[in-house]
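Subject: Handing over the structure

Hello,

Here is the structure I promised to pass on to you.

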Protein chains: 2
Amino acid sequence: MKVTVLGSSSALPTSERYPSAHVLNAHERFFLIDCGEGTQMQMRKNKIRFGKINHIFISHLHGDHVFGLYGLLSTFSLMGRKSPLHLFAPENFQSILKSHLIDFDIHLSYDIDFVPLSGKNPLQILNNKYITVTSFPLKHRIPAFGFIFREKLTDRNIKKESIVKFQIPVVRIPAIKKGEDFVTSEGIIIKNDDITLPPPEPLSYAYCSDTKYFKKLSSFVKGVSLLYHEATFDGTKEELAKVTGHSTTLDAAKIALEAEAGGLLIGHFSARYKDISYLVNEAKTIFPRTFAAIDGKSFDVGNIDNA
Amino acid sequence: MKVTVLGSSSALPTSERYPSAHVLNAHERFFLIDCGEGTQMQMRKNKIRFGKINHIFISHLHGDHVFGLYGLLSTFSLMGRKSPLHLFAPENFQSILKSHLIDFDIHLSYDIDFVPLSGKNPLQILNNKYITVTSFPLKHRIPAFGFIFREKLTDRNIKKESIVKFQIPVVRIPAIKKGEDFVTSEGIIIKNDDITLPPPEPLSYAYCSDTKYFKKLSSFVKGVSLLYHEATFDGTKEELAKVTGHSTTLDAAKIALEAEAGGLLIGHFSARYKDISYLVNEAKTIFPRTFAAIDGKSFDVGNIDNA
């Protein structure tokens, strides 16, 4: 799992920081999370293929998280897309999008499978062979949702030398990968542990933006491999953060600490901060494994140091 | 007068070419013409101050000419803008914008003075101390409008040495600048031509996008100093251009020739063209003073060679 930051600004973009958008690559399946203005240009710059995007997740309906969507949907269509697009967004966006397509006389070349987000509890919104995605409520000025992407536990890996040594027939391999022991033609039981290796630990990536600090949030992302959490303000702006429904660097770090996250990625920086290293260092006082979201930078979800 | 290109792509932006947007600087008054996705980021990159923009002109309601407007309007508001914004756009955009602001619960900090564009004839839509702007119909798949910005003829310049020589009282100077002769205290008539110099030739800039070729267009932009004309396709794609309501390089050059334009700027290039020098050379076979719109490049309207 690898996440690429396409935009790290808050509401006011700067010349270096575009509005929010992340692309998560999970086993060469690409998930676009938020779609601020300019996302399609950032995708091109970062060589993310448009045809690879089948799922888009919109956290909430503030412009800096969604105004790139209209252009991207049109571009998909101009490129002749046929495969349906799965769009997860706050429920009221369905009618807004419908009106938009009518207003601009846009006839998309593909279907949109709209999945409405609502409610006050975590909800599994996607479940396929490789991954599950759960949405959960954030606390912002308007309904807002976070997302956690979890890899599924894959099969155990059978040791090649065991296949030869115990003459394991091909037909038995799938069951052994699922954890079954092997019984030889002489009736000897070979323990699964002796002929297989455990699969890699499943990774997970959580996206929390926009939100103010609330303790329960850490339970929604408990044990996540990499937590992205907004940090619009520095630690001295706690009051401003509360009033505007945002977080400080310290809020983000507290959530990472409470959730026992593997790493913390902060972003959604206010345009007032030219140099964001100060923000990172501030978060590190609480949660040392903190990194800054930077436009165009990719992070290894399982090992954020590999940025 | 100076025009800065913020976007030169057609519907599909590339990593180098953003969708349509031009900024015309006329005597330090800034006019934004079209507002494709990413315009606000391009403005920042090109150091165009947001507070300087009081007039926005939208040629037509295709996304690549307007999808940057929503973000820009929000940004103006977040920056605390108070002065009204004059927005010139096809008439049906008024209700679309109204719905958009309601849908996203946006309360702008400033008023929008909406000027609807419609009709089949040129119409003067702005007239202030320095400039007039006239809209005229284009021929595209949907209602589309071009714009011509004309400097006003300024007063004649009085020669400093004449003031001394003929002892011209200060109170007489405004009338002399308007062209009156001067009568000395001895009753001698001094011809205006002898004591003044003519003002600089007023410049004009025309923006024509999107449109297919139609002969009458050249009459709308007759004698313009610098013509921007879309050239989505190369000269071999005449049929495709007609069907899609666009122009080829040769169409654009023909309009420039027929209009006796001072220079031609082509843009709105299809994403299929990586190297646009071929397109410029093609147009030059008909109209030698042709230049390519390139993102971030500025052109002197009175002397396009000064790019």
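A word on conventions first. This is a predicted model, in which local features need pLDDT of at least 70 and side-chain atom pairs count only at pLDDT 80 or more, while totals for chains, interfaces and linings use all residues. Residues are numbered from 1 along each chain as its sequence is written, and chains are lettered from A and ligands numbered from 1 in the order in which they are written.

**Chain A overall**

The C-alpha trace of chain A spans about 75 × 50 × 35 Å along its principal axes. Chain A holds eleven helices and 18 strands; helices (H or I, at least four residues) and strands (E, at least two) are DSSP runs, numbered from the N terminus. Of its 307 residues, 46% count as buried. Here, buried means that 20 or more other C-beta atoms lie within 10 Å of the residue's own, exposed that 12 or fewer do, and partly exposed is in between, with C-beta atoms placed from the backbone.

Chain A is divided into domain 1 (2-154 + 200-306) and domain 2 (157-196), with bounds that come from an automatic or database domain assignment. Taken over C-alpha atoms, the centres of domain 1 and domain 2 of chain A are 43 Å apart.

**A sheet in chain A**

Do look at the open sheet of seven strands in chain A, which has the order 7-8-9-14-15-16-17 and mixed pairing; two strands pair if DSSP finds at least two bridges between them. Strand 7 (123-127) and strand 17 (290-292) of chain A stand at the edges with a single partner strand each, so one side of each has no neighbour in the sheet. From one strand to the next, the twist averages 20°.

Within this sheet, strand 14 (residues 204-208) and strand 15 (residues 226-230) of chain A pair in the parallel sense over four bridges. Cys208(A) has His229(A) in strand 15 of chain A as its bridge partner.

Helix 10 (residues 249-259) of chain A lies across strand 15, strand 16 (264-267) and strand 17, running at about 155° to strand 15 of chain A. Such angles run from 0 to 180 degrees between N-to-C directions, with axes being lines fitted to C-alpha atoms, for helices over the stretch in contact; contact means that the C-beta atoms of two residues, placed from the backbone, lie within 7 Å. Helix 11 (residues 277-284) of chain A lies across strand 16 and strand 17, at about 165° to strand 17 of chain A.

**A buried helix**

Eight of the ten residues of helix 3 (residues 69-78) of chain A are buried, so this helix is largely enclosed by the rest of the structure. Among the buried residues are Leu69(A), Tyr70(A) and Phe76(A). Their cover includes helix 1 (39-45), helix 2, strand 5 (85-90) and helix 4 (93-103) of chain A. Gly80(A), with a positive phi near 80°, follows helix 3 of chain A.

In chain B, what covers the buried residues of helix 2 includes helix 2 (63-66) of chain A.

**How the copies are related**

Best wishes
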